[in-house]
Amino acid sequence: MSKRRLFGTDGLRGEVNTFPMTPEIALRLGLAAGQYFRDGARMHRVVIGKDTRLSGYIFETALTSGFCATGMDVFLVGPLPTPAISFLTRNMRADLGVVISASHNPFMDNGIKFFDRHGFKLPDEVEDEISALVLAEDPKWDFPPADQVGRAHKIQDSRGRYVVYLKHSFSEVLTLDGFKIVVDCAHGAAYSVAPVVLEELGAEVISVGVQPNGLNINDRCGSLHPQVVANIVQDEGADIGLALDGDADRLIVVDEKGQVLDGDQIMALCALDLMEQEKLNKNLLVATVMSNMALELFMQERGGRLMRTPVGDRYVVEAMRRENAMLGGEQSGHLIFREFSTTGDGLLAALQLLRIMRDTGKLLSELAHLLEPFPQVLKNVRLSRKVPFEDLPAVSKAVAAVEQDMAGKGRVLLRYSGTENLARVMVEGQDKAKVEQYADELAELLKKHLG
C-alpha cells in the first residue's frame, strides 16, 4: 500500500477512483476508524451522511462494510449538510460521524471527513493513527466474533431532526413573515432542507439548485457563483439571497440590491450583535489570516479583538475551543456559532443574520455598510523551489517597507500553497492603486529569488 499522504486539512478529498478516493481506501477507512473507536464489547454507533454526488453510493457502501465488520452499527441518513451530520452524531449519542462530500468541488471529486462524538473534527494525531492502519502493508484487523458484527440502518427522520434543530436556533418569538428569500442549494446536500426551514419560519422562498441528478452539484450555481442568486434577487425584489456550497457548511450572502457580501462582512454584523447582547465572550472573534484587515480594525474600534489562525475552519474551531470564543469563521463563508454548533453551518448562519435583520428592522444593505473591506489583491507566483520566507532577507526587507508605508492600515501575507509549487502574495490596504503596485513588486521579487 502506498505511503502517500491520506488526510488533508479537511479529511480526504480527490478525484473518484483515484488515490485516495478509491473503494479500497474507503473500506480500509471504515475498518481502521471502527477499530480505533471501538473500546469494548458493547455495540458502537456511527452516523454516515453524504451530499448528492453520484459516487456517494460507492463510498457509503464501502465505509458501511468496514464499520460493520469491526462491530459498529451504522446509521445511514442520506444526503444532508455536513453540519447536520455533526449535529446528528451528538443527538444520537454516536461514537463517530462521517461525511461523504467534496464540498464546493465538481461532481467528479469526492471526500470523506470525520466528526468525534462531540461533533468536532478529529485532531491531527487521531487522523495520523487511523492513516497508519489504512496505509499499512499488512494491517492487523481486530475483527470481533461473527455474532458481534454490526448492522446497518436507514434513519428516515434525520432531515426532520435537523430542521427542528435549526428552527430552535432562531428566536422563538420571531418569524420570517414578509421576507422574500432566494436560496441557492447548489444541487447539493441542503436541497431538501433549506427551503423547508425558511418556509416553516414564514418566509416566501424562491429555491434554486434543488434538482440534483448526481452530476450537477456546484455546476454554475451555489456559493461559487453568487451572481446567479444576485440576479434573481434583483429580478424578484427579494430581501436577501443565500448561496450555499455543495455540503452547505458555507454561506455567501447577497443584499437586496444584488451586492455580494463575504464572510468577513457577515462576521462583523454578527460579532457586533453578540457584543450588544453581551454574549461574545471576551469580545473575541476568531478568523483566519485571510480575513480582511478592516475586520480587525472594526473589532478594535468597538473594544473587541480579532484572533487569527491558519487557513481552514478546523483551525478556527480549535482556537475557539481553546479560548472559549463564541463566534468564528472564514472570509470564504464558514461561520461557527458555538452557542448552537460545533462546526460551520451555512443555514444556521443565515438564520442568525435573518434574526438580526428582523430585530433591527434594517435592510441588509444598511447593515452591511458597518464593514467596508480594504482593497485586497492576491497574486499566485509559480516557483521552482520553496524556501522559508524569513531566509530571504531581500523579501523580508521589502515586506517590512511596504507595511511601514501603510502605517498600520494595511498588511502583507506571504504563504506557500500546500499542493502546488506556488507562493501566494496577498496585500491589502486603503489605497487600491498602492495595494496593486505592492503586490506586483513583491510577486516579481519572489520570482527573482525562487523562480
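A salt bridge, as the term is used here, is a side-chain nitrogen of Lys or Arg within 4 Å of a carboxyl oxygen of Asp or Glu. In this predicted model, such contacts join Asp-10, Arg-13, Lys-113, Lys-121, Asp-247, Asp-249 and Asp-313 into a network, and by the same rule the count comes to 28 salt bridges.

One of these bridges brings together the side chains of Arg-314 and Asp-124, with a distance of 2.9 Å from N to O. The pair links distant parts of the chain, since Arg-314 belongs to helix α10 (residues 313–323) and Asp-124 to helix α4 (residues 124–135), 190 residues apart. The two partners can also be described by their accessibility: Arg-314 is buried, with a relative accessible area of 4%, whereas Asp-124, with a relative accessible area of 35%, is partly exposed.

Another bridge is formed by Glu-428 and Arg-411, whose closest N and O atoms are 2.7 Å apart. Glu-428 lies in strand β18 (residues 422–429) and Arg-411 in strand β17 (residues 410–416), so this pair ties together parts that are 17 residues apart in sequence. Buried means under 20% relative accessible area; Glu-428 therefore counts as buried at 0% relative accessibility, and Arg-411 is likewise buried, with a relative accessible area of 10%. A further salt bridge connects the side chains of Arg-250 and Asp-245 at 3.7 Å from N to O, and here too Arg-250 and Asp-245 are buried.

From these contacts we can turn to a sheet. Five strands form an open sheet of mixed pairing, and their order is β8-β7-β9-β10-β11. The edges are taken by β8 (204–208) and β11 (260–261), each of which has a single partner strand, so one side of each is left without a neighbour in the sheet. For β11 that partner is β10 (residues 251–254), and the two strands pair in the antiparallel sense over two bridges; in β11, Leu-261 is the bridge partner of Val-253. Helix α7 (residues 227–236) lies across β7 (180–184), β8, β9 (240–244) and β10, and the helix runs at about 160° to β7.

The backbone also deserves a careful look in two loops. Most residues other than glycine have a negative phi, and most peptide bonds are trans. In the loop between β1 and α1, Asn-17 has a positive phi of about 70° although it is not a glycine, and Asn-17 is exposed, with a relative accessible area of 51%. Pro-20 is found in the loop between β1 (12–15) and α1 (23–37) as well, and a cis peptide bond, with omega about 5°, joins Phe-19 and Pro-20. In the loop between β8 and α7, Arg-220 has a positive phi of about 55°, although this residue is not a glycine either; with a relative accessible area of 63%, Arg-220 is exposed.

Terms used. Residues numbered from 1 in each chain as written. Predicted model: local features only at pLDDT ≥ 70, side-chain atom pairs only at ≥ 80, totals over all residues. Heavy atoms only, no water. Pairing = 2+ DSSP bridges. Helix = DSSP H or I, 4+ residues; strand = E, 2+ residues; numbered from the N terminus. Contact = heavy atoms within 4.5 Å. Axes fitted to C-alpha atoms, helices over the stretch in contact; angles between N-to-C directions. Buried < 20%, exposed > 50% of the residue type's maximum accessible area, 1.4 Å probe, protein only.
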